[in-house]
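Here is a briefing on a ligand shell and a sheet. Keep the model open while reading.

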Amino acid sequence: MSRLLTRSTENRRAERDYENLLVVDDVRLAFGGVTAIDGVSFHVDDGELYAIIGPNGAGKTSIFNCLNQVYHPDEGDIRWKGKTVLGLKPNQTAELGMARTFQNIALFPHMNVVENILTGRHIRMDQTWWQGALWLGKGRRDEFENREVVEDIIDFLEIERWRKQPVGMLPYGIQKRVELGRALAMDPDLLLLDEPVAGMNLEETEDMARFILDIRDELGIAIILVEHDMGLVMDIADRVMVVDFGRKISEGVPEVVQNDPEVIKAYLGET
Ligand SMILES: Nc1ncnc2c1ncn2[C@@H]1O[C@H](COP(=O)(O)OP(=O)(O)O)[C@@H](O)[C@H]1O
Ligand SMILES: [Mg+2]
């Protein structure tokens with residue numbers, strides 16, 4: 001197995017020289033007159049499965065867009081391993097170890113599974129394009145390692161039988177797994193998953209839940225899971241934050257959040 005898939009939370013914690021992996025400090029974001037994020041603060045630790053839930057339009061995706069600097073908060077700070085990310089470009093946040101999947105599938109439909117996951121490596125490739133193109137020296141070594149990592153990920157996500165198929169032809173649940181694989185290929189310390197089970201049937205949802213747990217438990221990667229639906233989150237998250245109208249209305253372990261009158265009100269109020 002490649003080094004990527006053999007790092008535990010313990011190793012990650014031993015290596016670190018910061019307090020919290022991610023700190024979000026009183027972030028605000030408005031679009032014209034619409035306040036999408038209204039002073040939200042939270043933190044995530046190494047190897048933690050942190051969930052953000054809330055009704056549609058509550059600001060969940062906007063929070064992700066601030067974390068990886070697709071959006072720039074109007075106020076507040078976001079610190080990654082102790083340093084602000086404000087002012088970075090989205091690809092720089094990815095290089096620092098934040099990987100993301102999207103609410104809608106964003107794969108290359110004509111490329112096969114191996115090729116799609118390999119695109120996740122390119123962000124981490126320690127070589128110039130011409131070395132890769134010439135297939136020489138260091139470029140060749142990196143390419144070998146990249147291929148090895150991709151095969152480990154394919155193994156881990158149990159998608160061997162589709163590895164040479166164009167992803168556009170695959171069942172939805174498998175495409176979502178490939179997308180997860182591409183994010184893993186970036187060798188992240190934190191995975192941002194935006195509604196990973198939306199549109200999935202029960203079996204696909206259960207599979208995805210199992211892989212999310214395996215990523216935390218076996219790979220030691222921290223995860224922020226954004227979900228519209230409470231069910232999955234309450235089963236698997238370590239801690240949960242509930243947002244409504246851009247505000248944090250509750251936070252804590254699932255049992256506490258589930259019984260919080262504010263949360264019950266927000267959810268019953270929605271229907
Ligand atoms: N790029 C944008 N331009 C204008 N309004 C936006 C933009 N992105 C999000 N919003 C608004 O911000 C609010 C929060 O949206 P979003 O973060 O997508 O919510 P969620 O992911 O919780 O459903 C909504 O009112 C939405 O319309
Ligand atoms: Mg969203």
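**Shell around ligand 1**

- By class, the shell around ligand 1 holds four nonpolar, six polar and one charged residues. Nonpolar means Ala, Val, Leu, Ile, Met, Phe, Trp, Tyr, Cys and Pro; charged means Asp, Glu, Lys and Arg; the others, Gly among them, are polar.
- The model is predicted: local features need pLDDT of at least 70, side-chain atom pairs count only at pLDDT 80 or more, and totals for chains, interfaces and linings use all residues. Residues are numbered from 1 along each chain as its sequence is written, while chains are lettered from A and ligands numbered from 1 in the order in which they are written.
- Phe31, Val34, Ala36, Gly54, Asn56, Gly57, Ala58, Gly59, Lys60, Thr61 and Ser62 surround ligand 1 (C-beta atom, placed from the backbone, within 6 Å).
- Strand E2 (34-44) and helix H2 (60-67) are the elements giving two or more residues to this shell. Elements are DSSP runs numbered from the N terminus: helices (H or I, at least four residues) and strands (E, at least two).
- H2 gives the most, with three residues.

**Sheet**

- Six strands form an open sheet with mixed pairing, in the order E6-E7-E8-E3-E9-E10. Paired strands have at least two DSSP bridges between them.
- Strand E6 (98-101) and strand E10 (247-252) are the edges; each has a single partner strand, so one side of each lacks a neighbour in the sheet.
- Strand E3 (residues 49-53) and strand E8 (residues 222-227) run parallel, joined by five bridges.
- Tyr50 has Ile224 in E8 as its bridge partner.
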